[in-house]
Amino acid sequence: MSAQRGSHQRTEPTLNAKPLLERMTFDNVRDTPYAAPPKPPVRYLPWLLVILVLTLALAAYQESRLHFYQSTFWHWLAQKLNYRIENGASAQISFPNAGPFDKRYGYHQLPLWQTHLIQNGFNLSAQSRFSAGLQRYSNWGFNPPFIQQHYPALSLYGCKQDLLYQFNAPALRFNDLAEVAPVIVQSLLFIEDRDLLSPKHPRANPVVNLPRLGAATWSQLQRAIGIAAPAAGGSTLATQLEKYRHSPQGLTSDMADKFRQLVSASVKTYQTSTDTSAARRHIVLQYLNTVPLSATAGHGEVHGLGEGLMAWFGRDPAEVNRILRDNRSATAGQGLALRQVLALIIAQRRPSYYLLQGRADLEQLTNRHINLLQQQGVIDKPLATLALAQQLNFQTDTDIAQSLDADFKASTMARSRLAQLLDINLYQLDRLDLSASTSIDIALQTEISQQLYQLTQFEQAKQAGLFGQRLLQSGQQQQVSYSFTLYQRTATGNKVRVQTDSTNQPFDFNNASKLELGSTAKLRVLISYLEIIAELHRLYAAESPDTLRYVDIAPQDNLSSWALSYLSQHPGIALDSMLQAAVQRRYSADPKESFFTGGGLHTFTNFNEEDDKLQPTIAEALQQSINLPFVRLLQDIVSYISYHGENSSYQLLQDDDNPRRDQYLRRFADREGITFLQRFWKKYQHKTAAERLQLFIQSSRQTPEPLAAAYLYIAPDSTTDSFNRLMQQQFDHRLSATELSNLYQKYHQADFSLSDQAYIARSHPLELWLLRFMQQHSDASLETAIAASSTERQDTYQWLFKTRHRSARDNRIRSLLEIEAFWDLHQRWQRLGFPFDYLVPSLATALGSSGDRPAALAELMGIIVNEGKKRPTVRIEQLLFADGTPYHSQFSRHADNSQQVLDKDIALIVKQLLQEVVSDGTARRLKPQQQLNDLVLGGKTGTGDNRLVKLNTRGQPVSSTALNRTATFVFYLNDEHFGVLTAYVADTDASPFQFTSALPLQVLNNLLPVIQRHLTTDSSCY
């Protein structure tokens, strides 16, 4: 026994599981002996696990009833996810992915639009800054929480912040859940989530329905391992809101996407409080108002139960709601209303199927749900019986009014400008979360619109004095339309205060039309003339008279000749004095002279025959709007462009015997040829073959012979049918079959050189060549065209010296030089706002043959009023995207974005000349009104009679048909305001009309008191 004890003691150290040497060593340095840790009581472990499981189960049970922990957690997390609004662009912001509502409201596109708007004169004046927590949360793919205070859509305001336009989306909605008939809410909750609005658990999380989520997860697991199982939906109303608003294409793509929906919805639910009672009611209301219900052709996207009832069944949702709130005995009307509501609630699962091709299946599903609702006591049996007896009759052509519009013309203008800025269509624009401030004075706009509309009525037109010589005849007032625009010059741009017309059409006459506005073109010619005088002053004013005497100029360059003579006689003269002298130069008004222009000889007439024997100054010709002096002035401008400077054609052509002529000519041809190819390329790029052909035809007054030559060169493979269609379309079916056949035979695959063909076609050879090249190589680049045109560029100019007959050579030279001069003149006009891509190369451009737009004329007047500065036209002053959301972004106009495009001295003298047009010229009809209102007025009148003229083979007029008639007055008013007023008659109705610019002047007489009253009234606009 002792041996056993001894043996036991000897073996005891081995139980400490430590080597003896180690233990002995440690014993030498420790104060207490080593003791082994106590072993756990293994027999108690199962009880501990049971207690733990029961505790967790009890906690889960309590949490499922009280939701204490998750409500505390989600509310705590939501408080960390905040943002603030600060001035300037933000580096602490993340924009959402392309969810349906994120795209619809514009949140997803904001970074792109930010770049566009800054490039178009806006500053990003204020934007959201995310907190660090919200930044991380968003980067993880969750949707930032915020309380949607409104239903986002476009709102436009006037300059006084009064409402101009508002789009309602959804158009028909419930404002409060208490308004909704209880049976609608009960039916929705019976189908989707029966305990959602239960008051028993105020902290309940409406995002997670555990039985439904468990069933959905189990079905997904079964399908993942290959077991056939029906798909079970795990979405609650809260997650459905997240899905169709923010998930790509409104669908749950995977489990990660479902997780993002659950988290995002939970955070939003607990954002304001741990009590979710209000949040749950808000979820139901939002779902009823925004659930997607496919789209109809007449209305577009349908969202919400209200829009669904109107769009699909033609029912007024307020009436349906009233019927279903009626607690009296059930009626057939209640049965139908309930059936329609249930059909839409069910259809949201597959709206495009059930509401279009699957309507029979929808009827069956609706019947089954009615029976279920009756069995569960949601509806009583009489109502169920009546609902089962009804049929769904779809009606998809109902017009749903969605906008409030204070003034149709102003809102259309502003919306069009916004759509252009954002590069979207009007449908998309209306649905953005965007508030925009416009420059429109709505009160003045409305009053002017009413005045213009009243002038189409006989009594009002008579009272306004619109009948008489050079005005209207009785009965014509209804066919005349009026357009009026008023601008105000400000530091940020020329603000549009009024833009309206007397029509009720969306067409923007001011900015989208092309009209022959007649003598208003003389204003552009005058400014180009004065710019040339200023150029000559800069070149030669510092030179001595002796030096000026030896300057070599072409005999055709009358403007340089006069400038050198004047500067020689007045050394050191200031520019403004020289400009004053320039407008006092005299030109003959004799109409008997013929002018070689547009490829042939032309004559022009004056409006008043008594002007024919005059030789007025340029200032007098402008005042009285005399034609011939401006034709001659434009001729001098064309000669100056052609024969002045280092690229002067005079230097090229004057010495045929110069041995270096060929080398010089080749360099000249290559340089000039590339320049013109670039211009023609810009004119025709990004257009189809048909559009290019129409643009070519519009840019030159074509008769049958030139057009046939041009068309058959551009499209040599054209058949006789296509050729005949084009010619008949252009000449109104006035060409006989024989004439068409002769033209086709003459020019189809004709053996003409490019230069000969271009001369016949009255166009530049390189323009004709490029059109043919683009026809055959639709994908070619400009560089390819330049490389392919080396031979043609040389031939374009070489032929000038190869023609045997001097007169023929001279005619061709003059035609080509005129075309090139008008390209240069076009660049001058475009710099001052001319709106088109070409000028008709003819002296008739001085009288308006190249067309114009009212808005472009007003822009030119703005340059004059702003002392030569070109300021942007402002229609939109401020943009506010996503107000009240984490994506808040506000854009405002630059303080100053002007360019000096015209010499100040030129602007001042032109402004003075325009004032004389009102005081002593063609606009003197306004003089009494001006004195009455103590206003300073200046402007330019113009009358355009646009006709389709039939010419014979020699180019002589045979007959003419009126296409439209216009009369315009572009004006300035005091120092800050300017605008344009146009009267016009469209189509062939214009033939009997003989009104001139006296008509818009008389109309303006009636508008001036209205304008004056608004300008003198205290207003935030002025």
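Reader: What pLDDT does the chain average?

Author: pLDDT is the predictor's confidence in each residue. Here the chain averages 85. A score of at least 70 is reached by 85% of the residues.

Reader: Where does the pLDDT stay under 50?

Author: Where pLDDT is low, the predicted coordinates should not be read in detail. In this model, that concerns residues 1-32, with a pLDDT under 50. They have 7 contacts beyond four places in sequence. Residues 947-962 also fall below 50. That stretch has 32 contacts beyond near neighbours in sequence.

Reader: How many helices and strands does the chain have?

Author: The secondary structure comes to 44 helices and 20 strands.

Reader: What share of the residues count as buried?

Author: Buried means under 20% relative accessible area. By that cut-off, 52% of the 1022 residues are buried. The accessible surface of the chain is about 47,800 Å². Carbon and sulfur atoms hold 50% of that surface.

Reader: How many cavities of 30 Å³ or more are there?

Author: A cavity is a space where a probe fits but cannot get out. The count here is 8. The largest cavity has a volume of about 160 Å³.

Reader: Which residues lie nearest the centre of the largest cavity?

Author: They are K683, E767, W823, L839 and P841, out of a lining of 17 residues. Helix α40 (806-831) and helix α31 (661-684) each supply at least two lining residues. The largest share, 4 residues, comes from α40.

Reader: How do the lining residues divide into nonpolar, polar and charged?

Author: The lining of the largest cavity has 8 nonpolar, 5 polar and 4 charged residues.

Definitions and conventions:
Residues numbered from 1 in each chain as written. Predicted model: local features only at pLDDT ≥ 70, side-chain atom pairs only at ≥ 80, totals over all residues. Heavy atoms only, no water. pLDDT = per-residue confidence, 0-100. Contact = heavy atoms within 4.5 Å. Buried < 20%, exposed > 50% of the residue type's maximum accessible area, 1.4 Å probe, protein only. Areas by Shrake-Rupley, 256 points an atom, 1.4 Å probe, with all protein chains shown as cover. 1 Å grid on protein atoms, 1.4 Å probe; cavity = no way out; pocket = protein on both sides within 12 Å on 5 of 7 lines; lining within 4 Å. Points joined across faces, edges and corners; volume = space filled by probe spheres on them. Nonpolar A, V, L, I, M, F, W, Y, C, P; charged D, E, K, R; others polar.
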